[in-house]
Amino acid sequence: MQQKPKTLKTVLALFSFLLTTMLIGCGQQKTESANDFNKAYPSEAGGTLVDTLSGEPSGLIAMMAGESSASAVASNIFNSLLKYDKNLELTGELAQSWDVSADQKTITFHLKPNLKWADGKPLTSDDVLFTWQTVTDDKTRSPYGADYKLVKKAEAPDENTFKVTYAQPYAPALDSWSGLHILPKHLLKDQDINNTPFSRNPVGSHYYQLDQWKKGESISLKRNPNATQGQAKIDRLVSRIIPDRAAQFLELMADNIDSMGLNSIQYARIFPSRPDLTNKIAQYKELGNSYTYLGFNLKHKPFDDVRVRQAINYAIDKQEIIDGVLLGLGLPVASPYKPGTRWSNPKLKPYPYDPQKALALLKEAGFEDHDHDGILDRDGKPLSFEILTNQNKEREMSAVLIQRRLKEIGIDVKIRVVEWATFISRFIKTGDFNVVLLGWGLGLEPDQFNIWHSSQQAPGQFNFIGYNNPKVDKLLEAGRLELNPDKRMKIYHEFSEILLEDSPVVYLFAGYGLTAIHKRVKGIDDPAPPAGIGHNSYEWYIPAPLRRNEMSAD
Amino acid sequence: MLKYLLNRLFWMVPLLVGISLISFLIMHLAPGDITSTEASFNPKTSEESRQKLRELYNLDKPVIVQYGLWLKRMSTLDFGHSFASHQSPVFWQETDKDGNVTKGMIQEALPITLLINVLSLSLIIAIALPLGVISALTQNKMPDRSITIFVFIGFAIPSFWLALMLMYWTGVSHNWLPISGLHSLGAEKLSNFAQLLDTLKHLTLPILISGLTGLAGISLFVRNGMLDVLHQDYITTARAKGLPENTVVYKHALRNALLPLITIFGLSIPGLIGGSVIAESIFAIPGMGKLFYDAVLMRDFPVIMGILTIGSALTLIGNLLADLAYAWADPRVRKGVAQ
C-alpha cells in the first residue's frame, strides 16, 4: 500500500515510455522514391489504383441502390447496352448497333458476338430481357422503373438480338438503355432482387470484378479476364471508404490514396501553395453534371409576373457567386444543358448583372419604394421573400450573396436552411415556399419533361415550382417523340430559349468537378473532354517503377 | 435480494415499451421518410414508385399502427430489415437458402465501437484516477492547477480539430501512425500478430482523442470526491491514530471517494455502444455513431429504432448494475435494500 505513489509513477513512466517507443518504433522513414513522376513512361499493364468513396454503397445493383457511391463502383462491374462516348454521343457498349423502326416505335439492339460474364457463362439477349423484366416488375423496390415500363413489348428473338416496342415513339428510350446495368439471369433468376446476396457479391461483365468488400472499410476490384470491352491496364481498383474530406486529403498527402474529389479551396488555394504536392499530384478540372439555380414558386405572387422574375435575374451577379463561392471554378449557364454539348444552345447568354434594368422592370410591375423605407412595395406590401435551401455550404453561401445584391435594389430577402428530408416533405411537396435554391442535373438526355411540363405538378412530382407554359409543353412533348438527333436538337434549343426568356428559375452556375490524381497514374486526357477525365480510365496505367509497394501503408 | 432483483427486472418491461413508444413518435415527428432522400430527388424516379415503396414499408399506415407492427416484431426480438440498405437485417445475421450469410448492420458496427469505447474508458480511468488523487492532495497548489487546466483544455478542445492536427503530425509529417481506417490495405496477408499490431496502430489516435476529451469529467469527479472525504471526521481519526499518510489516503479516503464513480460507470454502459459521429467520420471507422447518424438522415426507421431500443435497454440495465454494485460496495446501501 505504501508503495502506491511510487508504483503509480512507475506505471505512468512505463506507459509513456511504451507509447514513445511504439511511436518511434513504427516511424520507419518512408522511402521517398527519387522517381520523377513527371517523366513519360510507356504504357504497361498492372498496378493498383486506390481512390476514395465518401459513403459506403448499400449494394452494387445500381437500379436498387441509387446512391452515387453505388453507381461509381457498379459502373466498373456492369455494362449497359449503350454508353456515352467522350463527346457525350450515344454509342454501343454491349450492343454493336441498334436500329430504330420507321414508325420510331421499335428499337432493335444487336449485341456484340461472344459476350461473356465474369464467371465465363455466355451473356445473351436473354439476360437483357431478364433485366428489363426485373426493373419493371411490380415487386422490385426500384424507383427507376418508369422509363422501362413504357416498353409495351420486349423480346429476345435470338441470342444476339433484343427488341423493344413502345406504344408511341419515346426519344429518351435510348438514354434509358445507357443507364440500365444488365444483370446475369443465371445467377439471379431464383433470387429476390430486393434482398439478394448478389448485391454484395455481384458478377458483371465490365472491366473489373469484385475481389473483396470489407464492410465499412474498402471495396477492392480486380481485372475481369472475360471483360466484354477489352482489358483494362490497371490490375486492381481499391476504393477506401473515408467519409471526411479532410481525412481523405491527409491520406492523399501521405500518399496512401491516388485519387480523390477536391473542393474549390483545396484546388485553388492549398495546391498552388504547396509545391511538394503539385510535384507528385496532378489536378484535373472537368465540367460537372449539375447546375445550381434559384427557383420561384410561380403560383405565389409576385413571382407569377415575368417582369419580377427577370428583374431578380438581372439583379443577381452570377460571376460574383462563381468567384466567391466556387473560387472561380464554375461557369455561368443559360440553359439546363451542359455547355459544349449539342443540346446546349450556343446563342443563349445568361442575364447580365444590371441592377438599373432590374429596377426599371420592377417599376413596370408596380414595385417602387412608396413609403421610403428602403424596401420596394406594391399596394402597400413590401417586396420581401424567403430563400429556402438545404444544408449545403455552396448553396448557403450563394444565398447570402444573392441576399446582399437584392437588398441593394430594395428587395428584402431572408434565408432559411433546412435538413434535406424536412426540406422535401415539409416544403417542396406541400408547395409551401417562395423561392428555393437548389440544383438539377445537366442531363445528357435532353428530355426534361418531368421538370418543366405543366402536367408534372402534383405533390411529389418534379415541376414543384409550378411552371406552366403551353409552348414549352408542346416542345417537350415533341422532343419525346423525335428520335432523330438533329431534329431533337432544334426542339430543345427553342425550349431553352423560351425558358431563359420566361426566367422561371435563375441559373446561377455549373460548378467544375475537381479531381486530384497522383502523377504515377498516366494516360489521363487533359484537358478533359466533355465526358470528363474518367471516360478512358481503362487506358490509364501505372508504370512499374512508380507503383506503390504492395502492403505499403505500414 | 432476489425479490428486489426480480421486481426491478419486471418493471423494466413496461418502461422499455414506454420509451420505445416515445422514441417511435418523436422519430415520426420529423418530416419525411425513406422516399424523401436526396437520391430519390431524381427526375428519373417517379412518384408512383415512391408511393409503392411507402406501401411496402407500411409507411402509409397511421403511426400508431406502424408502432404496433414494430412492437409485435420486437416481441420476438426481430429487429427487422433496413429500408435504406438493401433490406439488410438490422441486428441478427441471416442465412439464405444458398447458405450466404448476411450480417446484421448493428452486429457489424457494434464490436468496433465497443472495442474503442472500452479501451478509451480504460485509458480514461487509468489516467484520470491518479490525476484526480494528485489534484486533491495538492489542492490549489501547482500540480492541482496544472492538472485542472490540462484536463479542461482536453475537454474544451474541438476533438475534430485535434484529430486532424494529430493525423497530420503522426501520419503526414511523420510516418508514425496510419491516418484513417481500421486496417492497412493488404493487411490480411500479414501474420496474426502483425495484423493485431496493425489494428492497434489504427486505433491509437481515436482512443487517444476520445480519452483526452473524457479525462476532465472523471478526474474532477475523483478530485472532488477525495476532497469531500479528506475532510471527514474518520480521516482525522485515522490520522490521529498515527496511521501513515499513504494508508490514510489510499485505504481510507480513496476507497470511499470512489463510491460515486460506480454511478458514473453504470451510466456509461449505454455510452459504450454509442459512437461519436465526428470521430468515426474523420477516422473512417464504421461504428455505431455513423450508422445511427446515416440512419437518421435516411429516415431508416428500423435501424433508428433498433439502436434506440438497445441503447435504452442498456441504460436500464446499467442503472440496475450500478445500484447492485453500490449495494455490494457500500454496506449502508446494502442495508437499505434489504429492508
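## Close-up views of a predicted two-chain model

Figure 1. In chain A, 67% of the contacts with a separation of 6 or more join residues 24 or more positions apart. Two residues are in contact if their C-beta atoms, placed from the backbone, lie within 7 Å. This is a predicted model: local features need pLDDT of at least 70, side-chain atom pairs count only at pLDDT 80 or more, and totals for chains, interfaces and linings use all residues. Residues are numbered from 1 along each chain as its sequence is written, while chains are lettered from A and ligands numbered from 1 in the order in which they are written. Chain A has 18 helices and 20 strands. Helices (H or I, at least four residues) and strands (E, at least two) are DSSP runs, numbered from the N terminus. Along the principal axes, the C-alpha atoms of chain A fill a box of roughly 85 × 80 × 55 Å. Of its 554 residues, 45% count as buried. A residue is buried if 20 or more other C-beta atoms lie within 10 Å of its own, exposed if 12 or fewer, and partly exposed in between; the C-beta atoms are placed from the backbone.

**Figure 2. Confidence along chain A.** The average pLDDT of chain A is 89, and 93% of the residues score at least 70. pLDDT is the predictor's confidence in each residue, from 0 to 100. Over residues 1-8 of chain A, pLDDT stays under 50. The model has 10 contacts for residues 1-8 beyond four places in sequence. Residues 21-33 of chain A also have a pLDDT below 50. That stretch has 11 contacts in the model beyond near neighbours in sequence.

**Figure 3. Helix H13 of chain A, residues 355-364.** Which residues of H13(A) are buried? They are A:Ala358, A:Leu359, A:Leu361 and A:Leu362. Seen down the axis of H13(A), the buried residues fall within an arc of 165 degrees, so they line one face of the helix. The arc is that of the directions from the helix axis to the C-beta atoms. The face turned away from the buried side of H13(A) carries the exposed residues A:Gln356 and A:Glu364. Helix H11 (306-315) of chain A is included in what covers the buried residues of H13(A). Just after H13(A) comes A:Gly366, with a positive phi of about 100 degrees.

**Figure 4. Strand S13 of chain A and its partners.** S13(A) runs antiparallel to strand S19 (residues 435-441) of chain A, joined by 7 bridges. Two strands pair if DSSP finds at least two bridges between them. A:Tyr293 has A:Leu438 as its bridge partner in S19(A). S13(A) also pairs in the antiparallel sense with strand S20 (residues 505-518) of chain A, over 4 bridges. Here A:Leu294 has A:Val506 as its bridge partner in S20(A).

**Figure 5. An open sheet of 4 strands in chain A.** The order is S4-S5-S7-S6, with antiparallel pairing. Strand S4 (95-100) and strand S6 (151-158) are the edge strands, and each pairs on one side only. On average, neighbouring strands of this sheet are turned by 15 degrees against each other, direction ignored. Between S4(A) and strand S5 (residues 106-111) there are 5 bridges. The bridge partner of A:Val100 in S5(A) is A:Ile107. Helix H4 (residues 125-136) of chain A packs on the sheet, touching S5, S6 and strand S7 (161-166). The direction of H4 makes about 160 degrees with that of S6(A). Axes are lines fitted to C-alpha atoms, for helices over the stretch in contact, and angles run from 0 to 180 degrees between N-to-C directions.

**Figure 6. B:Leu205 in helix H7 (residues 192-230) of chain B.** Why does B:Leu205 count as buried? Because 23 other C-beta atoms lie within 10 Å. B:Leu205 touches residues including B:Ala163, B:Leu166 and B:Phe283. The C-alpha atoms of B:Leu205 and B:Leu166 are 7.6 Å apart, although 39 residues separate the two along the chain.

**Figure 7. Where chain B touches chain A.** The contact takes 62 residues from chain A and 58 residues from chain B. Among the elements that each supply at least two residues of the chain B side are helix H2 (47-56) and helix H9 (245-257).
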